[in-house]
Amino acid sequence: MPMEGANIALPPKESLMIRRIESGARMSQAVVANGFCFLAGQVADDTSVGVREQTIQVLASIDRLLAAIGSDKSQIVSANVYLSDISTFAEMNAAWDAWVAKDAKPARATVEAKLAAPEYKVEIQVVALAD
């Protein structure tokens, strides 16, 4: 509900630009809009490994997508981590802690969730500055 007397100025629609990266039949792997990059949830390619190794793969995928739009992990403002089993939290954190920019840690939430396929142990979605 808007506050009384609040004026919100939005830029003209024609000045907003949306760029989609690696678009597929259902979704894009990344969308750049209004100075932010929204990454789809990333999962591991090799699901035969444990949660730490899957997390390393996912973080490499995030690095690759951010590089494609000219950004990097130091520009991440928010991360959502989904674990198929919350008891693997420490394993995921070991990979995350080795990867995350030490002086630019994003806001982060971690939850247990049933992922799209049983072989996925971790999925990570981030929002980062694009410029």
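**Entry 1: a strand pair**

I began at Leu-83, which stands opposite Glu-112 in β5. Then I checked how the chain gets across: it goes from β4 through α2 to β5, and this β-α-β crossover is right-handed. By right-handed I mean that, with the strands pointing away from the viewer, the path from the first strand over the helix to the second runs clockwise. β4 and β5 run parallel and are joined by 6 bridges. Two strands pair, in my notes, if DSSP finds at least two bridges between them.

A word on ground rules: this is a predicted model, where local features need pLDDT of at least 70, side-chain atom pairs count only at pLDDT 80 or more, and totals for chains, interfaces and linings use all residues. Residues are numbered from 1 along each chain as its sequence is written, and side-chain values use heavy atoms, with hydrogens and water left out. My helices (H or I, at least four residues) and strands (E, at least two) are DSSP runs, numbered from the N terminus.

**Entry 2: helix α2**

Which residues of helix α2 are buried? I found Met-92, Asn-93, Ala-95, Trp-96 and Trp-99 within residues 89–99. Buried means under 20% relative accessible area, exposed over 50%, and partly exposed in between (1.4 Å probe, protein chains only). Looking down the axis of α2, I see its buried residues within an arc of 165°, so they line one face of the helix. The arc is taken from the directions from the helix axis to the C-beta atoms. Ala-90 and Ala-98 are exposed, on the face of α2 turned away from its buried side.

Next I asked what the buried residues of α2 pack against. They meet α1 (51–68), β4 (76–83), β5 (107–112) and β6 (122–129). Contact here is heavy atoms within 4.5 Å.

**Entry 3: the core**

Trp-96 came up again in the largest nonpolar core, which has 25 residues. Such a core is a set of buried Ala, Val, Leu, Ile, Met, Phe, Trp, Tyr and Cys residues joined through side-chain atoms within 4.5 Å. Along with Trp-96, those with the most contacts inside it are Cys-37, Leu-39, Ile-62, Val-122 and Ile-124. Two or more residues come from each of β2 (28–33), β3, α1, β4, α2 and β6. α1 gives the most, with 6 residues.

β6 is mostly covered, with 7 of its 8 residues buried. I traced its partners. β4 pairs with β6 in the antiparallel sense over 7 bridges, and Ile-76 stands opposite Ala-128. β3 (residues 36–39) also pairs with β6 in the antiparallel sense, over 3 bridges; there, Phe-36 has Leu-129 as its bridge partner.

A polar atom of its side chain lies 2.7 Å from the backbone oxygen of Leu-129. Beyond neighbours within four places in sequence, Ser-71 is in contact with Leu-66, Ala-128 and Leu-129.

Methods:
Polar contact = N/O pair within 3.5 Å; in protein donor to acceptor, adjacent residues only side chain to side chain.
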